[in-house]
Amino acid sequence: MPGGGSGLSAYLPLFIIVGIMAWRLRNLQKARPLRLPLLWLMPLIVMAAVCFALAALPPTGAGWLALAAGLAIGGAIGAQRSRLMRLHVEGEGSEARVMVRQSPLALMLIVGVFVMRRVLLPAGMTMDEGHPSAHALLVTDALLGFALGMVVFSRLVLWMRAREMVANHVFDA
């Protein structure tokens with residue numbers, strides 16, 4: 001059985017991600033409300049999905065290390081992505097709300113992550129020793145940690161920045 005795809009089909013996921021990011025670039029200048037009370041929902045959903053995945057196939061010692069490494073790297077990238085987003089407060093008094101605009105650099109950071117993954121884990125990768133599924137499980141554990149870290153730390157940094165802006169806005173008014 002040949003390993004990995006070749007030609008266009010091997011790069012299809014990358015093309016899809018780049019297409020989605022290009023579509024999102026259209027709305028960069030549009031500020032949208034940041035709903036602070038709902039920021040915890042996505043981390044909760046991702047955490048539940050990761051817990052279900054880990055419960056179905058618990059990691060080994062190396063798997064836990066891969067998960068922790070993915071969590072740390074994803075957390076660092078997620079926090080940096082949220083620092084790149086532009087926040088401002090619109091309105092006065094009880095009508096004030098925090099608005100967020102996506103930064104082009106924040107979107108390019110995500111595209112860069114997908115490109116680096118493609119460079120570091122090419123589709124035609126073969127295993128020299130051991131069973132290929134063991135390596136796939138380690139990569140899966142690392143990517144689960146990466147996704148969890150990115151979502152949790154991104155939302156946490158957004159929440160901390162928005163909370164500080166609201167507190168400063170209320171006292172300055």
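Predicted model: local features only at pLDDT ≥ 70, side-chain atom pairs only at ≥ 80, totals over all residues.
**View 1. Order of the elements.** The protein has five helices and three strands, taken as DSSP runs numbered from the N terminus (helices H or I, at least four residues; strands E, at least two). From the N terminus on, they follow the pattern α-β-α-α-β-β-α-α.

**View 2. The three-stranded sheet.** The strands form an open sheet in the order β1-β3-β2 with antiparallel pairing, where a pair needs at least two DSSP bridges. Its edge strands, β1 (32-33) and β2 (86-90), each pair on one side only. Five bridges join β2 to the antiparallel strand β3 (residues 97-101). Glutamate 90 has arginine 97 in β3 as its bridge partner.

**View 3. Isoleucine 20 in helix α1.** Helix α1 (residues 8-25) contains isoleucine 20. This residue counts as partly exposed because its relative accessibility is 41%.

**Notes.** Residues are numbered from 1 along each chain as its sequence is written. Local features need pLDDT of at least 70, side-chain atom pairs count only at pLDDT 80 or more, totals for chains, interfaces and linings use all residues, and side-chain values use heavy atoms, with hydrogens and water left out.

Note on methods:
Buried < 20%, exposed > 50% of the residue type's maximum accessible area, 1.4 Å probe, protein only.
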